[in-house]
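Here is a short note to read alongside the structure. Keep the view open and follow the points in order.

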Amino acid sequence: MRQVLALWVILLLPATSSAQSERLYFFDSNVGSAFIDGFFEGWFPGASILGGIRQVSSNRFEINGKPRARIWEAELGFAAPAGATGKVGVGFLNEMTGGSTTLGVRLFPLHGYIQKAFGTRRCERDVSPRMKRRLEKRGRDRNNLRCSDWYFTFEVGGGGEWSFDSYSIVSVGHRMFFD
């Protein structure tokens, strides 16, 4: 029990340093497949709907000449067949493309994960002249666009009760950010 409490403290610590960060809220839906060894043996489908928060650090840096920012994400929601799910992760955001890479822990079913997200062209990049004309025609501007990204996740679990008998999960999902 102490290890679980220590894990929560370590993973939630970045949420307390919000003075120098930007908060983004999002809805997330995904589908995937888990390799299970228990009641059922083999690949088993699943889906989830989550709400989450992303904190983007104001401390910017460059990797290979591309601007990056540290991010912290937490999500909580409903999942089938597990019932409920939640995950917490830290990573880097490529501000030029809107893509990100995150490492973290799914708290139930318990898995470690790596997630690679690809930002859509709607928000993180410059708006095309065609899109700009369409928006102006409707009396709107770039601020009316909803940001989103697509992501792929690979997860590894222990296969026991805490992992819902799952050894791995592979999933694809879509996130819609809002203010």
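**Notes for a first look**

1. Let us begin with the surface. The chain exposes about 11100 Å², and carbon and sulfur atoms supply 62% of that area. Accessible areas come from the Shrake-Rupley method with a 1.4 Å probe, and for residues only the protein chains shown count as cover. Please keep in mind that this is a predicted model, in which local features need pLDDT of at least 70, side-chain atom pairs count only at pLDDT 80 or more, and totals for chains, interfaces and linings use all residues. Residues are numbered from 1 along each chain as its sequence is written, and side-chain values use heavy atoms, with hydrogens and water left out.

2. Next, the overall layout. Two helices and eight strands make up the elements of the chain, and from the N terminus they run α-β-β-β-β-β-β-α-β-β. Helices (H or I, at least four residues) and strands (E, at least two) are DSSP runs, numbered from the N terminus.

3. How much of the chain is buried? Of its 179 residues, 37% are buried. Here buried means under 20% relative accessible area, exposed means over 50%, and partly exposed lies in between (1.4 Å probe, protein chains only). Contacts, meaning heavy atoms within 4.5 Å, also say something about the fold: among those between residues at least 6 apart in sequence, 56% join residues at least 24 apart.

4. Y25 is in strand β1 and is partly exposed, because its relative accessible area is 35%. Y25 and F178 are 153 residues apart in sequence, yet their C-alpha atoms are 5.7 Å apart in space. Leaving out residues up to four places away in sequence, Y25 touches G52, I53, M176, F177 and F178.

5. From I36 to S166 the C-alpha distance is 4.4 Å, although 130 residues separate the two in sequence. With residues up to four places away in sequence not counted, I36 touches E41, G42, F44, D165 and S166.

6. Now to the charged side chains. Side chains of opposite charge can pair when their charged atoms come close. A salt bridge is taken as a side-chain nitrogen of Lys or Arg within 4 Å of a carboxyl oxygen of Asp or Glu. By this rule the count comes to six salt bridges. One of them joins the side chains of R54 and D149, at 3.7 Å from N to O. This pair links distant parts of the chain, with R54 in strand β2 (residues 41–63) and D149 in strand β7 (residues 148–157), 95 residues apart. Both R54 and D149 are buried.

7. Another salt bridge is formed by the side chains of R175 and E73, at 3.3 Å from N to O. R175 is in strand β8 (residues 166–178) and E73 in strand β3 (residues 66–80), so the pair links distant parts of the chain, 102 residues apart. Why does R175 count as buried? Because its relative accessibility is 0%. E73 is buried too, with a relative accessible area of 1%.

8. K87 and E75 supply a further salt bridge between side chains, at 3.8 Å from N to O. K87 lies in strand β4 (residues 83–94) and E75 in strand β3, so the pair ties together parts that are twelve residues apart in sequence. K87 and E75 are both buried. Salt bridges that share partners join R54, E73, D149 and R175 into one network.

9. The side chain of R106 makes a polar contact with the side chain of T85 at 2.6 Å. A polar contact is a pair of N or O atoms within 3.5 Å; within protein, one must be able to donate a hydrogen and the other to accept it, and residues adjacent in sequence count only if both atoms are side-chain atoms. Not counting residues up to four places away in sequence, R106 touches T85, G86, K87, H111, Y113, E155 and I169.
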